[in-house]
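Please keep the model open while working through the numbered points.

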Amino acid sequence: MGHSSITRKFRLNAFFNVQLKVIEVQILSINILIFKGIKMKYRIAIISLFSFSALSAPSNQQLPPLPKLNRDVVMLDSGNYRQPHITSNRSSGDGRVIVVTKSVEGKMEIYLRKPEVLTSHFSESSKGTALIGGANAFSVDMSGGAYFGGEFSHVAVCDTTDFYLRQKALNEADPRYDSKYINDYLTRLSPMPHNGKKDLYKLVVIGLKNNGTSDGNQRLVSIPVDVLVANPKTKNAYIESATPGTMKEGAIYKGDNLLEPTVTRDGRLLVARFGDSTDNVTWKDNNGSDHTTSNANIFYAYNNDQGPCDVSGWDQQRPIKYAPFDNEINQIYGFASQPFRYPDGSLVSPSGSDFTTGFGGTYPWIDRDGNNLFFTVKGRFLEQNDYELQDCDNCLDTQRSLKTLTVAMMGLWTRGKIVIPDNLLNNTDWGFEIADRPRVKLYRGNRGWVDAGVGRENGNNNTSASAWNRNSTIIESTEQLFNYHPQMVPLTPRDVVWYISNGKATDEIVFDDYLDSNALIVSDMNSHFGLEGNGYLRPESSSDVVKVQNAATGSSGSIPLYGSVVGSEYKRIEPQAMGGIKGKGLWLHRTNYLAYDFASAPDNSDGWLLSLFVDDRLAANPGKNYTLVTLASGGYISFNRDEAGRTYIKFRSNGATGNYKYDITDHYQLGGQGWKHFAIEIKKQGNTANSVTLFIDGTEITTFDLPQTMKSGFVLSKGTLKIGEGLRGWIDEVRLYNHLRLNNEFVCNLGHGSLVSTSSGTTCLTDHTQDGYAHLADKGAYDWVGDRIHQPVSVVWNQPRPSEENNGFCLVCHNSNGKFGLSKNALVMNSGVWASDDARRQPMDPPPRILGQIPQYWLKDAFPSQHLSESENGYIVDQVIHPD
C-alpha cells in the first residue's frame, strides 16, 4: 500500500521528568507525534493503530457537569468488593455449592451460598459476599497424579438434577434425554437427604489433565465430588466434607488450556475457550469436512452418544462460530437457533462456510439451558492526553487485557445479535488493576475528579475479598434460582431480570427490550461496537465520531444501525458507567444531538411509543423552544418556558399553522437538575397520527387529539430521528417501540417504577434521586398492582397454567417466528399438566422443586409447617410462590 493512500497516526509515548511539549510532523502522509523533553527515559511504546487519543485533554468548560448520580464504579479494591457481590464461579444445580473456577496451588476451593443470611434485600446487604456469610473456602487437594496434577486448568460443575426432574414431570421425549442413562441421573440427584439432617451433593467436576494420562495426550477429565452440607438451607449451613472419587479420562483436548468451562444443566453441552496460546484448531463439521480456524478462542462440544457429564462424549470441539450451522445443536439449544449477528445487524458468517477465524469474543459463560452466551470483547485503554490525571506514575502502561474489558451477550433472547449490556459489569472501558488506578478529570469543576474503576485483575493475592475468584473477567449468573427467597428477587421492575456477575461486580441485567421484537431503538448510551480487521469487536466511537449502540434485535430492515452524536461541540461516550440513570448517560453539549437514521419507514398500523430519561441543565429563556424530539416526517416535540416561569411541552409540525402545548409545570420544570422520565405515545388512524398521550415519571399526564394540520408530522418515516436537538443536559435509555403502550404498568416500568394502589387509584412509585431501586425493596409496604396488570389471570401451582394467547404484554416477545420458549406455543394452556409440573415457567420463577432437607418455616417464615426430608419428588416451592 502506497504512503499516499492512507494516513495513520502512531503515538510515540516517551516518559520525561518535566512537562512534555507535543508537536505534530507529517512525513509522507504518515502523522507522527514527537514528544520533546529532557532527561528522557529510554523506553518508547508504539501504540495501536486504533488509538483515539486526543492531542490535548478537554478543557474544564468542554467537560460535562458532574452527573446527578455520582456512582462508585471502582467495584473492587485490595480489601473487598465495594458493593454487594455474588461470586462468579461454577455451581451446583440449585446454585448453593460453588466451586471456584480457577485453582490455587493445586487445590479446588468450594464455598456455600446461603441466601438465608440476608435480613434485608440483597441490594441493601453489606458490601462483599454476604451470601457466603464470611465462611472460608473448603479446600480439596487435587494436585496428585490421581487427579489433575500440578496447577490445573479451570473447572466446571456438571449437575443434571433439574433437567431430570423436568423430564420426569413432562414425560415427554427430549433429544438430550436418554432413558438408558436413568441410573446416572438418579444416583447424582442433588442434594439428597443424608444422615443427621444433612444435604449430600453428588457433583461432577470437569477439567483438563495436562500430563500423566494413559497415552500422554492432554485429555478432558471428570471427577465425581461428594459435598456434605450441615445445617443446610439455614444461615448456619457449612460444608462438612468434600470427597473426590475416581477420575475418568475423556476426549483428547485440542487446545493448550481449558478456560472458563461451563456445562449446561442437561450435562451434554460444554462451552469453554482454548486460550490465546492455541493459534489454530482443526475440526470436522457435521458432514465430516475438515476446517482449520485461527484464533478460535471460544468453542463448544456436544455429547450426543454418551451419558450426561461423560467427558468421552466431548470429542468434537468446534469453534462457537459454527454453532448456528450445526444441525446437531441448533434445534435444541436456543443460543444456536438463529444466525449470529454483529451489533450493526450484519451476519457473523454470511456464507455459512467461512470459519477460518473466530468471531471476536473471549471469556465465555453460557446459561444453564443453553439459551444465551455471554463473553467479553475489547474495551479501550486510557491514553496520554485523553484527560488530566492524578496519581498516575506510568499508570497508563499498566493497563492490560484489552480483549477482556467489555461484557457482551448474544443468543435466543437477542435473536442472535451481539449486544453490550449497560451495567456495572461494564464499569469502565479502561484496563487498570487495583493498585494502579489513577484519578481522572472526567467532569467540570473541582468535584469532577473521579477514581478510575478496576478494569482487569488476575491474580491469587491481589485482594483479600472473600471468595475472590482470582480473575475479574469470569462471568456467571444465578439466573432465577433463588427467587423463592424474597430478598433475592431482582428489584428492576421488568419481566425478565437476572443477577449477573463477573469477578469484580454484580448487577441486574434486563432482557425485556432485547426480547421485544417490535423495538426500533434500544439505546443505553454505551458505544456501538464494530469489527477490527483482525476479527475482534471494539468500540467504534472516538473523539471525532461518537456512535451509540442500538440494541434493538428485531428483524425489521428499518431498525437504525446505531445512533450518531451530531454537532461540532465536544462529545464522547462516557468511559465509565457514569452519567446515566443507570450506567452510562450521554451529555448533549450546546448544539449536539443524537440522530438515528431510518433507511425505510417502519411498517406500523397502530402507532408508536417513545421513552427516554432527561436531566436537563438549561438556563431556559422565556419564549424559546428547546427541542426534545425531531421527526423525519416534520413533527417537533419541545419544551418551552413563559415569562411567568411555567414550563410547557409543545407539539408543532413543519408547514402546519399553530401548535399544541400543555402546561407541565406541576410535573417538570426546565433546569430542575434531576432525572425525569418522559414517554410519548402516538396513536394512528389510517396513515396519519391521531392522538397523543404524555407520561411523566410513569404517570399519565394528558391525552389530546392532534390538530388536523399536524397529523402527518407525527408518523415514523424514512429519514433521521433527532433526540435533544435543542437540549443541554444528560439523556439516557432512549427507547422507540413500533407498538403502543402495552399497559400503564409497562410505561411505569420504563420510568423505573411500579404501580401501587392508593386511596385515589393507582400511582407509579419512582425515585430518581438515588442509584438503583431501593424504593421498590419493601414489598410489604404497598399494594403492588403491576403484576396483576401484566398477567390478569394468576398462575396457581395445582392447576394448569392459564392461557396467555391473547395477552398483548406476552405477545410482544412471543410470536409465530419465535424459537423455543419465545414461540406462541409457550402461551397455550396445557389442560393435563399442573403449573408445578409444566416445564414452561414464568420468566422469574425458580425451579419448582427443591430437594434435600427443608427446614421448618423456611420460606416466608411459614412454609413448611414442619421439617421435611425430600428426595426425588422434592418440595414444591410453587405452593408458596403460586398459592391456591
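**Notes on the predicted model**

1. P191 sits in the loop that connects α2 (182-187) with β10 (192-194). The model is predicted, and in it the peptide bond between S190 and P191 is cis, with omega at about -5 degrees. Most residues other than glycine have a negative phi, and most peptide bonds are trans.

2. P864 belongs to the loop between β50 (849-854) and β51 (868-876).

3. E260, which is not a glycine, has a positive phi near 50 degrees. This residue is part of strand β15. Is E260 buried or exposed? E260 counts as buried because its relative accessible area is 1%, and the cut-off for buried is under 20%. D697 is likewise not a glycine, and its phi is positive at about 50 degrees. D697 lies in the loop between β43 (688-696) and β44 (699-705). With a relative accessibility of 12%, D697 is also classed as buried.

4. Strand β15 leads on to a sheet. Four strands form an open sheet in the order β15-β16-β19-β20, and their pairing is antiparallel. At its edges are β15 (259-263) and β20 (317-319), each of which pairs on one side only. From one strand to the next, the twist averages 25 degrees. Strands of a sheet pair through backbone hydrogen bonds, either parallel or antiparallel. Between β15 and β16 (residues 269-273) there are 3 bridges, and the two strands run antiparallel. Opposite L259 stands R273 of β16.

5. How many cavities of 30 Å³ or more does a search of the whole structure find? The search finds 12. Rolling a probe the size of a water molecule over the atoms shows where empty space is left. The largest cavity has a volume of about 330 Å³. Its lining is made of 22 residues, and those closest to its centre are V510, D524, K582, E733 and R735. At least two lining residues come from each of β29 (506-510), α3 (512-515), β46 (729-737) and α4 (744-750). The most are given by β29, with 3 residues. Sorted by class, the lining has 9 nonpolar, 5 polar and 8 charged residues.

6. The second largest cavity holds about 200 Å³ of space. It is lined by 19 residues, of which S91, S92, V157, V263 and R368 are the closest to its centre. Strands β5 (90-91), β9 (156-158), β15 and β21 (362-366) each contribute at least two residues to this lining. The edge strand β15 gives the most, with 3 residues. The lining of the second largest cavity has 6 nonpolar, 6 polar and 7 charged residues.

7. D422 occupies the loop between β24 (406-411) and β25 (439-441). Which residues is D422 in contact with, leaving aside its neighbours within four places in sequence? They are D524, N526, K582, G583 and K584. D422 and K582 are 160 residues apart in sequence, while their C-alpha atoms are 7.5 Å apart in space. D524 and K582 are also among the residues closest to the centre of the largest cavity. D422 counts as buried because its relative accessibility is 10%.

8. Strand β38 (residues 625-630) is mostly covered, since 5 of its 6 residues are buried. With β39 (residues 635-641), β38 forms an antiparallel pair over 5 bridges. In this pair, T630 stands opposite Y636 of β39. The hairpin of β38 and β39 has 4 residues between the strands, and G634 has a positive phi near 110 degrees there. β38 also runs antiparallel to β45 (residues 719-723), to which 2 bridges join it. V629 has I723 of β45 as its bridge partner.

9. Strand β27 (residues 476-479) is covered on both faces: E476 and T478 are buried on one side, and S477 and E479 are buried on the other. It is joined to β28 (residues 497-501) by 3 bridges, and these strands run antiparallel. The bridge partner of E476 in β28 is S501.

Methods. Residues numbered from 1 in each chain as written. Predicted model: local features only at pLDDT ≥ 70, side-chain atom pairs only at ≥ 80, totals over all residues. Heavy atoms only, no water. Pairing = 2+ DSSP bridges. Axes fitted to C-alpha atoms, helices over the stretch in contact; angles between N-to-C directions. 1 Å grid on protein atoms, 1.4 Å probe; cavity = no way out; pocket = protein on both sides within 12 Å on 5 of 7 lines; lining within 4 Å. Points joined across faces, edges and corners; volume = space filled by probe spheres on them. Nonpolar A, V, L, I, M, F, W, Y, C, P; charged D, E, K, R; others polar. Buried < 20%, exposed > 50% of the residue type's maximum accessible area, 1.4 Å probe, protein only. Contact = heavy atoms within 4.5 Å.
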